[in-house]
Amino acid sequence: MDGKLKCCICNNTDSKGIILLNEYICRKCELDMAKAPIHEPEYEKFRRGIRDIWKGFNRKYNKSIPGCN
Ligand SMILES: [Zn+2]
């Protein structure tokens, strides 16, 4: 492992971020996200990014989500 991953929001690569639902978010975006006020356009960008992650995640794991029936 080289430890470098590509951020799904800004496409930077680093190794200090977090994995959210199998997608990588770099340290910078993680921090930006944590401090972005809800009304800022920045926040919209992250929200969209996260929504895309969720979409991909749901597509991958759609088949059976435990606890739904
Ligand atoms: Zn990033």
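A residue counts as buried if 20 or more other C-beta atoms lie within 10 Å of its own, as exposed if 12 or fewer do, and as partly exposed in between. Keep that in mind for Cys10, which has 14 other C-beta atoms within 10 Å and is therefore partly exposed. What you're looking at is a predicted model. The protein has 2 helices and 4 strands, and along the sequence they run β-β-β-β-α-α.

**The big picture**
- Of the 69 residues in the protein, 10% are buried.
- Take the contacts with a separation of 6 or more: residues 24 or more positions apart account for 20% of them.

**The core**
- The largest nonpolar core has 6 residues in all. Its members are Cys8, Ile9, Tyr24, Ile25, Cys26 and Cys29.
- As a bit of background, nonpolar side chains tend to be buried together in soluble globular proteins.
- Ile9, one of the core residues, touches Ile25, Cys29, Phe46 and Gly49, once you set aside residues up to four places away in sequence.

**Cys10 and its surroundings**
- You'll find Cys10 in the loop between β1 (5-6) and β2 (13-14).
- Not counting residues up to four places away in sequence, Cys10 touches Cys26 and Cys29. Both of those cysteines belong to the largest nonpolar core.
- Phe46 sits 36 residues from Cys10 along the chain, and their C-alpha atoms are separated by 9.7 Å.
- Gly49 is 39 residues from Cys10 in sequence, with 9.4 Å between the two in space, C-alpha to C-alpha.

- Gly49 has 19 other C-beta atoms within 10 Å, so it is partly exposed. Being buried would take 20 or more.
- Leave aside the neighbours within four places in sequence, and Gly49 is in contact with Cys8 and Ile9.

- Ile19 is part of strand β3. With 9 C-beta neighbours inside 10 Å, Ile19 counts as exposed, because 12 or fewer is enough for that label.
- Ile19 and Cys7 are 12 residues apart in sequence, and in space they are 9.3 Å apart, C-alpha to C-alpha.
- Leu21 isn't a glycine, yet its phi is positive, near 50°. Asn22 isn't a glycine either, and its phi is positive as well, at about 70°.
- Leu21 has 14 other C-beta atoms within 10 Å, so it is partly exposed. Asn22 has 11 and is therefore exposed.

Key:
Residues are numbered from 1 along each chain as its sequence is written. This is a predicted model: local features need pLDDT of at least 70, side-chain atom pairs count only at pLDDT 80 or more; totals for chains, interfaces and linings use all residues. A nonpolar core is a set of buried Ala, Val, Leu, Ile, Met, Phe, Trp, Tyr and Cys residues joined through C-beta atoms within 7 Å. Two residues are in contact if their C-beta atoms, placed from the backbone, lie within 7 Å.
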